[in-house]
Amino acid sequence: MKLINKFKSNNFDTRKSNKISHIIVHYTALDGSKEAIEYLCDPKNKVSSHYFISKQGFIYNLVDEKKRAWHAGESYWDGIKDLNSCSIGVELDYNPKKNKYYKKKLVISLMNLILKLKKKYKIHNKNILGHSDVAPYRKIDPGKYFPWNKINVLNSFKETKVLKNIDNNLEMWFKKNNLIYQKRKILFMLAFIGYEVEPSINDINKYNTLLKSYSYRFINFNKLKLIRKKRYSLIKTHFIKEVLTYKVSFYS
Ligand SMILES: [Zn+2]
């Protein structure tokens, strides 16, 4: 994989943790790569990313991976409040006002870059997220047309017999713990998965925004109809699998 090192951004500081555990994907919403690189390297803007990928699939390294690039801003995921310190930020040459779909060459380059970073830092698929996952009430990038399914990070949430049994127990547990309304159950599960759910509790617009962010990343919902019943069972299957793998990784 060829990296272009011609442009560097000084918009970075020191990571507050040495472990790199997440990848955050963004779009620039600018005209093209020239504008984007200039923007990400301009000290005035106080933003940057480790990588920028052009529509033609060229990968630019703008900030050293060891440094803390400024791409996530105020963010939250699974108890982490400073995503910049533990992640690699990747900006994509995409503007939702100009294009609908991401360019094929860009997606292939991103796929290769993610594969490389995943191996290098042992990053789990579930820690590869969009800006809209770690800042759902502020950000919508990489947007609904971002092909999460094509970069091989989607988990399968197919229902199985075993999951069905756990599902029954889970519903009983919800009932016992006074989680009656579907919204409360969904927020409970999304919080466990990693999302900041607090602002959604009493704000229906924020709740819908949160569901959108979740759907784009984990269900690739732009192809499915937003059927309420289906969405609930998909989140539940995701949650159950998350609980099961959480335990394994917790004790290992
Ligand atoms: Zn972003």
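**Overall build**

The structure is a predicted model, and every value below was computed from its atoms or taken from a record. The protein chain contains eight helices and eight strands, and its C-alpha atoms fill a box of roughly 60 × 40 × 35 Å, taken along the principal axes. A compact globule of 252 residues would have a radius of gyration near 18 Å, and the protein chain has 19 Å, which agrees with that expectation. Buried residues make up 35% of the 252 residues.

**Two domains**

According to an automatic or database domain assignment, the protein chain is divided into domain 1, which covers 3-151, and domain 2, which covers 161-251. The centres of domain 1 and domain 2, taken over C-alpha atoms, are separated by 26 Å. Where domain 1 and domain 2 meet, 14 residues of domain 1 are in contact with 12 residues of domain 2. On the side of domain 1 that touches domain 2, the elements that give two or more residues are β8 (128-130) and α4 (131-134). Sorted by class, this side of domain 1 has eight nonpolar, three polar and three charged residues.

**The six-stranded sheet**

Six strands form an open sheet in the order β1-β5-β4-β7-β3-β8, with mixed pairing. Because β1 (3-4) and β8 stand at the edges and each has a single partner strand, one side of each is left without a neighbour in the sheet. Strands of a sheet pair through backbone hydrogen bonds, either parallel or antiparallel.

Strand β3, made of residues 22-27, pairs with β8 in the parallel sense over three bridges, and in β8 the bridge partner of Ile-23 is Ile-128. Strand β3 also pairs with β7 in the parallel sense, here over six bridges, and in β7 the bridge partner of Val-25 is Val-90. Six of the six residues of β3 are buried, so this strand is largely enclosed by the rest of the structure.

In a regular strand the side chains alternate between the two faces of the sheet. In β3, His-22, Ile-24 and His-26 point one way, while Ile-23, Val-25 and Tyr-27 point the other way, and all of them are buried.

**Glu-91 in strand β7**

Which strand holds Glu-91? Glu-91 has its place in strand β7, which runs over residues 87-92. Glu-91 counts as buried because it has 30 C-beta neighbours inside 10 Å, where 20 or more are needed for that label. Leaving aside neighbours within four places in sequence, Glu-91 is in contact with His-26, Thr-28, Ala-36, Leu-40, Ser-49, Phe-52 and His-71. The C-alpha atoms of Glu-91 and His-50 are separated by 8.1 Å, although these two residues are 41 residues apart along the chain.

**Helix α7**

Helix α7 has 16 residues, 204-219, which at 1.5 Å a residue should span 22 Å, and its end C-alpha atoms are 21 Å apart, which agrees. The buried residues in α7 are Leu-210, Leu-211, Ser-213, Tyr-214, Tyr-216, Arg-217, Phe-218 and Ile-219.

Most residues other than glycine have a negative phi, and most peptide bonds are trans.

The limit for the exposed label is 12 or fewer.

A further backbone feature is the cis peptide bond that joins Asp-141 and Pro-142, where omega is about 10°. Pro-142 lies in the loop between α4 and α5 (161-176).

Technical notes: Residues are numbered from 1 along each chain as its sequence is written. This is a predicted model: local features need pLDDT of at least 70, side-chain atom pairs count only at pLDDT 80 or more; totals for chains, interfaces and linings use all residues. Helices (H or I, at least four residues) and strands (E, at least two) are DSSP runs, numbered from the N terminus. Two residues are in contact if their C-beta atoms, placed from the backbone, lie within 7 Å. Ala, Val, Leu, Ile, Met, Phe, Trp, Tyr, Cys and Pro count as nonpolar, Asp, Glu, Lys and Arg as charged, and the others, Gly among them, as polar. The radius of gyration is taken over C-alpha atoms; the globule rule is 2.2 Å times the number of residues to the power 0.38. The expected span of a helix is 1.5 Å times one less than its number of residues. Two strands pair if DSSP finds at least two bridges between them.
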